[in-house]
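Hi everyone, thanks for coming along. I'd like to walk you through one protein, so please have the sequence and the 3D view open as we go.

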Amino acid sequence: MSQSIVVKKILVITHQASSETGLVGQILQAEGCWLDIRCPATGVSLPDHLDAHDGVVIFGGPMSANDDTTLPFIRDELNWIPLVLEAQKPFLGICLGAQMLARVLGAKVAPHPDDWREIGYATIQPTPHQANPNQVNI
């Protein structure tokens with residue numbers, strides 16, 4: 001019998017022409033995912049629906065989720081994120097991507113009152129919905 005292989009297609013959003021997907025992209029590709037990389041900051045449009053995608057990763061950049069009045073692509077992404085949430089697709093927001101998700105969900109995105117910075121890597125723990133912490137569920 002022939003066995004069909006299902007390749008998961010992940011929409012990856014970057015914010016600079018020189019941005020790369022780095023370790024996250026390497027892991028996704030090692031898990032058999034195909035990356036649809038788009039950079040709205042360079043004029044590349046976002047899809048009107050996610051029927052062809054199995055998940056979304058929005059990466060960081062030097063801008064802020066509050067730059068939507070001076071950077072139209074930030075406003076476009078903020079307006080687009082509810083489409084991802086409504087589609088109930090897996091979503092990972094890294095740095096700016098997490099800021100934008102927070103804003104869309106109603107949180108205030110602002111500097112820490114004591115001017116603390118959160119820069120670098122941190123361990124991510126699986127949720128109770130993920131039985132095997134070594135498994136990538138996309």
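Let's begin in a helix, with L101. If we leave aside neighbours within four places in sequence, L101 is in contact with I81, L85 and F91, where contact means heavy atoms within 4.5 Å. L101 lies in helix α3. From L101 to I58 there are 43 residues in sequence and 9.3 Å in space, C-alpha to C-alpha.

A quick word on what you are looking at. This is a predicted model, in which local features need pLDDT of at least 70 and side-chain atom pairs count only at pLDDT 80 or more, while totals for chains, interfaces and linings use all residues. Residues are numbered from 1 along each chain as its sequence is written, and side-chain values use heavy atoms, with hydrogens and water left out.

Now the overall layout. How many helices and strands does the protein chain have? It has three helices and four strands. Helices (H or I, at least four residues) and strands (E, at least two) are DSSP runs, numbered from the N terminus. Along the sequence, the pattern reads β-α-β-β-α-β-α.

The protein chain has 138 residues, and 29% of them are buried. Buried means under 20% relative accessible area, exposed means over 50%, and partly exposed is in between (1.4 Å probe, protein chains only). The accessible surface of the protein chain is about 9400 Å², with 53% of it belonging to carbon and sulfur atoms. Those areas come from the Shrake-Rupley method with a 1.4 Å probe; for residues, only the protein chains shown count as cover. Take the contacts between residues at least 6 apart in sequence: 71% of them join residues at least 24 apart.

Back to our helix, and its partner. Two packed helices are described by the angle between their axes and the distance between the axes. The axes of α2 and α3 (residues 96-104) come within 9 Å and cross at roughly 70 degrees. Here axes are lines fitted to C-alpha atoms, for helices over the stretch in contact, and angles run from 0 to 180 degrees between N-to-C directions. So α2 and α3 are roughly perpendicular to each other. For that label, under 35 degrees counts as roughly parallel, over 145 as roughly antiparallel, 65 to 115 as roughly perpendicular and the rest as oblique.

Which residues in α2 meet α3? They are I74, R75, E77, L78, I81, P82 and L85, and on the α3 side they meet L96, M100, L101, R103 and V104.

In soluble globular proteins, nonpolar side chains tend to be buried together. The largest nonpolar core in this model has 17 residues, and I13, V56, I58, I74, W80 and M100 have the most contacts inside it. By nonpolar core I mean a set of buried Ala, Val, Leu, Ile, Met, Phe, Trp, Tyr and Cys residues joined through side-chain atoms within 4.5 Å. Two or more residues come from each of β1 (9-13), β3, α2 and α3. The helix α2 gives the most to this core, with six residues.

Now find I58 on your screens. Beyond its neighbours within four places in sequence, I58 is in contact with I13, H15, E77, W80, I81, F91, L92, G93, I94, G97 and M100. Apart from that core lies another, of seven residues, including I10, V12, L28 and C33.

Next, a pair from two loops. T14 is in the loop between β1 and α1 (22-30), and G60 is in the loop between β3 (55-58) and α2 (72-87). G60 and T14 are 46 residues apart in sequence and 6.9 Å apart in space, C-alpha to C-alpha. Is T14 buried or exposed? Its relative accessibility is 3%, so T14 counts as buried.

I'll finish with backbone angles. Most residues other than glycine have a negative phi, and most peptide bonds are trans. Q88 is not a glycine, yet its phi is positive, about 55 degrees. Q88 sits in the loop between α2 and β4 (91-93), and it counts as exposed because its relative accessibility is 71%.
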